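Colleague: I have just opened this one and would like a short walk through it. Can we take it a piece at a time?
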Amino acid sequence: MTTELLAPPERNYLSAGYTARSWLLTVDHKRIAILYMVSITLFFFVGGAAAVLFRLELMTPEGDLVISETYNKLFTLHGIVMIFLFLIPAVPAVLGNFLVPLMIGARDLAFPRINLLSWYLFMLGGALVMWSTFVGGVDTGWTFYTPYSSTYANTNVMLAALGAFVTGFSSILTGLNFIVTVHTMRAPGLRWFRLPLFIWAHYATSLIMILGTPVVAAAIFLVALERGLGIGIFDPKLGGDPLLFQHLFWFYSHPAVYIMVLPSMGVVSEIIACFSRKRIFGYRFVAMSSMAIAVIGFFVWGHHMFVSGQSVYAGLVFSFLSMLVAIPSAIKVFNWTATMHKGHVWLSTPMLYALGFIGLFTMGGLTGLFLATVAVDVHVHDTYFVVAHFHYIMVGGSVMGYLGGLHFWWPKITGRMYPEWWGRFSAVLVFFGFNLTFFPQFVVGYLGMPRRYHTYPEEFQIYNVMSTAGASILGVAYLIPLIYFIWSLKYGPRATANPWDARGLEWEAASPPITQNFETTPIVTTDAYPYAEDEQRTEETLLV
Amino acid sequence: MTGHVAHHFDDAEQQFHAANLGMWIFLATEVMFFGSLFAAYTAYRYMFPEAFVAGSHSLDVVMGTINTAVLLLSSLFVALAVNAAATNRSRAAAGFLVGAIVMGVVFLGIKAVEYADKFAHNHVPGAHFQFHRESEGEHAVDGEHHVSVNESAIPGGDFQAGHNSPDRTLEKRVELFFSLYFAMTGLHALHMVIGVVLLGIVAYQAWRGAYSQTYFTPVEVSGLYWHFVDIVWVFLFPLLYLIR
């Protein structure tokens, strides 16, 4: 294929304007997606830098690089930045923003100006968190537990909490926009059960965003009232219950894990179908499992409080409900696997990330069952076992999905191909580095190493050295795509409208799409993923 | 007036539907936001019923009742405004909206009087909080049992068993009641202020004749918001003032 001779469309959303103003005041969902992409990439490397520092500290049992207070501030910074400023917006605000209107054949999201407002709120929240760091940092952990956060912490809790509060509104506005868009702006013929699974996943995610986020906003609001004005809702001196804060906090913050991982599951469904050349197995089950995860996810928060003084009966009920989430999650994993069965599987870069997602998410999910079991949780609570578990979900799951999606839709977003060999190399390196970082933490956590301490007994050193070595590999593996993605913007071969021969309305738009997305509104006549079962994929039709 | 249809919508009906749904979803987030505070209220009321009754007795039911009537009246004005706008009477809609705004300001004024009263009686949570158990509300006057919370405001004070008289403990629990009172009514008042500004903008547009049968979306969605803020008060009033 003579890729070099392909010219990009003369007018596309990227060539619509080159001034700073044309970017900062844009209401085009695709440009806002780019704004988000640049922002969260910056925050990702800020959060990553904090992780590098404390992983270096943990190389040795003694506290020799930073003092305990600095260590506490580092892991707090890492948590707040990675969760509120990277993982929550990563897939929805970048890929979702770009693709939701394209996939449903719309010209934009329902509320373009609110979409831009959400980016400004996100940046304001991010600026507040950065400000809190530059004036001395926060040491409460990303969870802001009371009464430490409300009464005793002498660090910049208010600034950081306000930052989290403001980014919450940005997240609510994104979710609101997606729900209204999917309800009101689908192309003619695009019935609900013809929607790509990416859309279903984002719809489910949006439900959590709009129903969960306000609750953590209220919890943070009450902490701010207590810290700032002495209106003591959680103050034990008045009889206030710190456990109440934990209830309100986890009511959002557990479902927030599904905000992070559901959109990545949507990405994986798209990639698996495309690179297996098959319609996804059990489409309706996969679609409904997203909804089930969103709904059940609201009733499991108590498993964070098994040892916080919650009643035993509440603990048992939450234990049972937490295990229920495993069912829709397993439905997804089995159906992706069944989709690949007898498919024409091509191990492209996005596919490698998707496969990595399945493996790591399965590990994270199964260890979640350990933690949902009250008796086991009493043993491993607040140990590195928990740290390893949620990193398997949030990094092994969410970040793998984000990177896979970024590679899959990079030609659509930029009109350029990334270098495939480097892509595969870094995908494998991410998988290897990730496991070396976090698998030892399962072991050391089970052996009893608590989280959030900067010193530890000498017998745990070998696991921590492995972890730090893995983190270094992981860091390099994340830098490689950053470099070749930027390189590809100028030197990458031009992409066709549909370089993967994939199905879906977004591939009918030009690469990069025009500002209005489609020349004429598409009309949908088939179900999602109409890949012919007997289709013979030839390497020549695909850009390698 | 198809001129009001933004470029990404097909027609006015789709745009109206989207705006309306958007406001309903926003209100769902508001329900969850206030719902967290109602959950906190429920938990503490269950834990400390006596203190909540004592705290509630110091609130002025007459003021609360007047405010409830004022807000319900404002919602009626808003409903009339939506009806007027939808039947091509944009100026009449402006008049009704001004009526609703006046009612909203009256509500905030009465609320301010109540707050001032709480300040005067040191019922505002914080260092100066005081609560005289026997002299409040319907109980007989007996000031001897008063103890300022300052004296007991030592770290972890309440957990040091044996050092707190029942009255001192009750005073702290009542402070918790007032913390919730101010958090909930303060947040509600903030929503009222936003609502007044919102209705003001819409009223101005309505006066200029911007709305008609084919386009009255802003009146409709800001009306939805106003009704929601009204309904929050309809729940706050019995919980704080009436259940004793």
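Colleague: Is Asp117(B) buried, partly exposed or exposed?
Modeller: Asp117(B) is partly exposed because its relative accessibility is 33%. Buried means under 20% relative accessible area, exposed means over 50%, and partly exposed is in between, with a 1.4 Å probe and protein chains only. This is a predicted model, in which local features need pLDDT of at least 70 and side-chain atom pairs count only at pLDDT 80 or more, while totals for chains, interfaces and linings use all residues. Residues are numbered from 1 along each chain as its sequence is written, chains are lettered from A and ligands numbered from 1 in the order in which they are written, and side-chain values use heavy atoms, with hydrogens and water left out.

Colleague: Which side chain does Asp117(B) meet in a salt bridge?
Modeller: The partner is Lys118(B), at 3.5 Å from N to O. A salt bridge here is a side-chain nitrogen of Lys or Arg within 4 Å of a carboxyl oxygen of Asp or Glu. Lys118(B) has 2% relative accessibility, so Lys118(B) counts as buried.

Colleague: And what does Glu114(B) pair with?
Modeller: Glu114(B) forms a salt bridge with Lys111(B), and their closest N and O atoms are 3.3 Å apart. The two are about one helical turn apart because they lie three residues apart in helix α4 (residues 90-120) of chain B. Helices (H or I, at least four residues) and strands (E, at least two) are DSSP runs, numbered from the N terminus. Both Glu114(B) and Lys111(B) are buried.

Colleague: How many helices and strands does chain B have?
Modeller: Chain B has six helices and zero strands. Of its 244 residues, 52% count as buried.

Colleague: What about contacts in chain B that are at least 6 apart in sequence?
Modeller: Of those, 76% join residues at least 24 apart. Contact means heavy atoms within 4.5 Å.

Colleague: Back to salt bridges. How many are there over all chains?
Modeller: A search of the whole structure finds twelve. One of them joins the side chains of Arg451(A) and Asp382(A), at 3.7 Å from N to O.

Colleague: Where do Arg451(A) and Asp382(A) sit in the chain?
Modeller: They are 69 residues apart and link distant parts of the chain. Arg451(A) is in the loop between α16 and α17 of chain A, and Asp382(A) is in the loop between α14 (374-380) and α15 (384-414). Arg451(A) is buried because its relative accessible area is 16%, whereas Asp382(A), at 40% relative accessibility, counts as partly exposed.

Colleague: New topic. Where is Glu458(A) found?
Modeller: Glu458(A) is in the loop between α16 (420-446) and α17 (461-491) of chain A. Its relative accessible area is 60%, so Glu458(A) is exposed.

Colleague: Where is Ala495(A) found?
Modeller: Ala495(A) is in the segment after α17 of chain A. Ala495(A) is buried because its relative accessible area is 8%.

Colleague: What is Ala495(A) in contact with, leaving aside neighbours within four places in sequence?
Modeller: Its contacts are Pro411(A), Gly415(A), Arg416(A), Met417(A) and Ser511(A).

Colleague: Last one: is Ile486(A) buried or exposed?
Modeller: Ile486(A), which is in helix α17 of chain A, counts as exposed because its relative accessibility is 54%. From C-alpha to C-alpha, Ile486(A) and Ala292(A) are 38 Å apart in space, and they are 194 residues apart in sequence.
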